[in-house]
Amino acid sequence: MRQINRIAIATFFITGFSFAQVFAQEEGQEEEIDWDAYGEVEYAGGESKTFANAKIVGLSPARFVTIGYEQQMPYTVQYSTIQKDGYSFDQDRQDAIDNNLGEEGEVTYTGGLRINANIPVISTNSFIWQMGFNYMQTAYRFSEGGAVEGGLKEQLDGRSLHTTGLFTTLYKPLNETNFLLLQAQADMSGDYTLDNLGDQYLRYSAAVLFGKRPHDRLQWAVGLSRTYRVGAPNYIPVAMYNYTSENRKWGIEALLPARAAYRYNINQTSLILAGFALEGASYRIGELSNPTDGEISSFEIRRGEIKARVEYQRQLVGFFWWSVQAGVRIDYSYDADYLDNGDETLRVFGILGDAPFSMRNSLGPAPYFNLSISFVSP
Amino acid sequence: MKRLILIFLAVAATTYFATPVKAQDKEGADALIGIWEPSHGKARIKIDKIADKYYGRIVWLKEPNDPVTGEPKLDKNNPDESMHSAPLRGYRMLKDFEYQGDGEWSEGTIYDPENGNTYSSVIKLKDENTLDIRGYIGMKTFGRSDVWKRLKIKR
């Protein structure tokens with residue numbers, strides 16, 4: 001028994017001493033830190049290399065996954081008759097409609113689901129590669145009457161236009177301040193269903209930008225893009241500008257001409273954005289494409305719209321945020337082109353071409369709202 | 001002699017069960033200890049071991065003072081308002097890392113004072129003076145990696 005007691009006492013003192021050492025070390029750190037010593041250091045091995053961060057402080061959270069719903073309030077439409085290459089580029093849109101009115105009426109419902117995913121494949125301080133998926137549904141319902149057989153209203157009423165796309169984004173910092181940004185996207189837009197999905201609906205867009213990040217509160221970039229954002233394909237210059245004020249309460253988030261917003265950071269978990277966005281796509285309407293001669297021709301609605309909007313974003317829980325957006329949708333383009341054999345028409349505001357339209361259309365302005373939940377990286 | 005052997009065995013057993021990391025891994029586990037600089041070069045982090053876990057605190061800031069107030073930077077972005085008056089220098093931004101073997105520490109968290117968020121984190125030793133440190137949300141896919149370099153105090 002005495003033996004066991006001695007063993008127990010010895011064990012207690014030895015292990016007790018070990019634990020005491022650990023806590024003494026910790027307590028010692030609390031009391032004896034010489035902060036100045038950490039200002040005079042050298043690299044033990046290789047030097048660290050600083051690269052421009054992809055973000056600046058204060059930005060609205062980057063969204064990994066977003067699920068949302070958007071709806072426009074009722075609005076009026078006027079569609080011209082469909083005439084292959086029947087409306088010259090120079091003719092005023094409203095004159096063309098007034099002189100060739102095919103259908104008019106009220107759209108009582110325009111809306112649908114929005115899904116967006118942006119997944120990092122590689123994400124390091126020296127290179128970022130993200131792959132993304134987006135889906136946008138726009139379903140239409142019209143007030144009764146006024147539809148013409150074989151007209152656009154008949155094609156849209158009670159049906160949906162879809163955009164399904166894949167995109168990839170590359171961010172490559174060149175040094176502490178300069179960076180390159182590349183984005184490529186393939187979208188299928190039109191009135192397709194899973195049964196008739198095909199590459200005749202496929203459209204490509206891309207952008208390349210060179211930028212600078214002078215400090216943690218500012219980044220800007222300029223470049224060139226091929227985009228369907230105003231409906232028809234365009235090659236246009238693009239400019240990015242992100243800024244946060246010194247007190248971090250407000251800022252600017254802009255990727256022109258796609259969107260720009262003034263940001264007010266209420267606190268770390270909520271913010272308000274006020275600005276505009278330019279959204280659009282080229283939608284192939286299968287029934288009006290008339291591929292009777294065996295060619296894959298396309299009747300394409302060139303939808304482009306400006307959204308003047310205010311958005312409130314707030315943390316729901318953890319890294320999940322919700323947002324509500326409200327504003328006015330203003331028609332920029334809902335005209336249509338007929339593409340022989342699918343060959344794309346390039347006008348670029350008349351600089352590269354003046355191909356005639358096959359349909360001129362006008363949509364009245366409409367209030368709209370968007371509700372979404374996102375999984376974010378703050 | 002028997003007593004000495006018994007005492008030795010008792011101490012050895014106690015020490016073995018009190019230490020989850022095997023003795024042969026101990027040296028590798030402690031390779032994390034030291035002063036490290038993230039790639040942005042705006043801070044220096046000292047990593048220490050406390051009771052078999054690893055913790056890192058900010059020991060140096062390139063800009064120690066808030067540009068608006070001129071006072072030492074505080075942890076004003078922390079979601080816990082009681083921390084808003086805590087100085088950033090000295091703040092323990094790496095917590096609870098456990099050595100998993102093969103130059104990897106996980107089960108820890110990393111705090112970003114720029115936005116007040118705490119991320120899950122895993123650290124890998126690329127070489128004796130280089131760390132690959134990844135902060136992520138939920139799955140490692142939703143994260144970002146940074147390269148930290150080891151520093152030593154000039155004598």
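This is a predicted model: local features need pLDDT of at least 70, side-chain atom pairs count only at pLDDT 80 or more; totals for chains, interfaces and linings use all residues.
In strand E8 of chain B, B:Lys149 is the bridge partner of B:Glu37. B:Glu37 belongs to strand E1 of chain B, residues 34-37. E1(B) and E8(B) run antiparallel and are joined by three bridges.

E1(B) also has a partner in strand E2 of chain B, residues 43-50. Again the two strands run antiparallel, with three bridges between them. One of the facing pairs is B:Gly34 with B:Ile47 of E2(B). E1(B) and E2(B) make a hairpin, and five residues lie between the two strands. In the turn, B:Gly41 has a positive phi of about 70°.

The residues of E1(B) point in two directions. B:Gly34 and B:Trp36 point one way, while B:Ile35 and B:Glu37 point the other way. Which of these are buried? All of them are, on either side of the strand.

Strand E8(B), residues 139-153, leads across to the other chain, where E1(A) pairs with E8(B) in the antiparallel sense over three bridges. Within this pairing, A:Val41 has B:Ile153 as its bridge partner.

How many residues does each chain give to the contact? Chain A gives 46 residues and chain B gives 50 residues. The size of an interface is often stated as the accessible area that is lost when the parts come together. Between chain A and chain B the buried area is about 4400 Å², and carbon and sulfur atoms give 58% of that area.

On the chain A side, the elements that give two or more residues are helix H1 (2-32), strand E1 (41-43), strand E4 (101-123) and strand E17 (366-377). H1(A) gives the most, with twelve residues. By type, the residues on this side of chain A divide into 19 nonpolar, 17 polar and ten charged.

Chain A as a whole has three helices and 17 strands. Of its 378 residues, 45% count as buried. Among the contacts in chain A with a separation of 6 or more, 65% come from residues 24 or more positions apart.

Note on methods:
Residues are numbered from 1 along each chain as its sequence is written. Chains are lettered from A and ligands numbered from 1 in the order in which they are written. Side-chain values use heavy atoms; hydrogens and water are left out. Contact means heavy atoms within 4.5 Å. Buried area is the accessible area (1.4 Å probe) that two parts lose on being put together, summed over both. Helices (H or I, at least four residues) and strands (E, at least two) are DSSP runs, numbered from the N terminus. Ala, Val, Leu, Ile, Met, Phe, Trp, Tyr, Cys and Pro count as nonpolar, Asp, Glu, Lys and Arg as charged, and the others, Gly among them, as polar. Two strands pair if DSSP finds at least two bridges between them. Buried means under 20% relative accessible area, exposed over 50%, partly exposed in between (1.4 Å probe, protein chains only).
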